[in-house]
Amino acid sequence: MRIEEVKKSERKRGRFLVRLEDGDVLRVTEEELLRFGLRPGLELDEAAAEAVRASAKSSSAKATAANMIGSRALSKKELTRRLIQKGNDASDAQAAADWLEDIGAVDDAGYAAALVRHYGGKGFGPARVKEELRRRGVDRSLWDEALEEMPEAAEVLDELIRKKRKGDLSDPKEKKRVSDGLMRRGFAWSDIRAAMGRYTDMMEDGYD
């Protein structure tokens, strides 16, 4: 297979387009250009052409992965899944995610802690935060340490009850409305009940 033309890509910096005589175009990096000695007139056998294609696919997945991580933090599992959704082979997607993890660009432990701080700070309870960790592909082995970043449930619940209460909590309907909302936020009923009790005691003592 003869190489007809080699030129720089006008769309992607650092990429080169290698056009073969059958019309196929290989998109390679400068490093691949030099490593394989790609130049106009070079004859590539099928094995060599396949090696170039495989290397190009791998480097393309890495470039896409780096762009994704540059835009927003992702877990390794999320990143791999998104790469596959964009048409990359599973093996190339996994290799790209492994590479970014190796150089420290993907850090699931740090990502998990940041998620916990974010959602905990927004007033969500442990169950809701755990669901978010699961949804975002954070390995369960990292949950316990990350959840240490959660604010104290009692403090959060006390503040939420003050904000969400519209009537007297001695009214069963109002108490149910507030407690249901807190449970949807991921708080345990035992913590909610204790917070309700603290709030009722404050009201009886003349505080609000």
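The model is predicted, so local features need pLDDT of at least 70 and side-chain atom pairs count only at pLDDT 80 or more, while totals for chains, interfaces and linings use all residues. Residues are numbered from 1 along each chain as its sequence is written, and side-chain values use heavy atoms, with hydrogens and water left out.

- The side chains of Glu-159 and Arg-162 meet in a salt bridge at 2.8 Å, N to O; the term requires a side-chain nitrogen of Lys or Arg within 4 Å of a carboxyl oxygen of Asp or Glu.
- Glu-159 is partly exposed because its relative accessibility is 32%; buried means under 20% relative accessible area, exposed over 50%, and partly exposed in between (1.4 Å probe, protein chains only).
- Arg-162 is likewise partly exposed, with a relative accessible area of 35%.

- Glu-131 pairs with Arg-134 in a salt bridge of 2.5 Å, N to O.
- These two residues are separated by about one helical turn because they stand three residues apart in helix α6 (residues 126-135).
- Glu-131 has 37% relative accessibility and therefore counts as partly exposed, and Arg-134, at 42%, is partly exposed too.
- Another salt bridge joins Glu-132 to Arg-135, whose closest N and O atoms are 2.5 Å apart.
- Glu-132 and Arg-135 are also three residues apart in helix α6, about one turn of the helix.
- Glu-132 counts as buried because its relative accessibility is 11%, whereas Arg-135, at 47%, counts as partly exposed.

**Salt bridges across the structure**

- The structure holds 18 salt bridges.
- A network of salt bridges links Asp-24, Glu-46, Glu-50 and Arg-53.
- Side chains of opposite charge can pair when their charged atoms come close.

**Positive surface patch**

- Arg-72, Lys-77, Arg-81 and Arg-82 form a patch of positive charge on the surface.
- Patches consist of residues with over 30% relative accessible area and no salt bridge; like charges are joined within 9 Å, and nonpolar side chains (Val, Leu, Ile, Met, Phe, Trp, Tyr) within 5 Å.
- Arg-82 is located in helix α3 (residues 76-85) and counts as partly exposed because its relative accessibility is 31%.

Terms used: Areas by Shrake-Rupley, 256 points an atom, 1.4 Å probe, with all protein chains shown as cover. Lys, Arg positive; Asp, Glu negative; His and termini not counted. Charge placed at Lys NZ, Arg CZ, Asp CG, Glu CD. Helix = DSSP H or I, 4+ residues; strand = E, 2+ residues; numbered from the N terminus.
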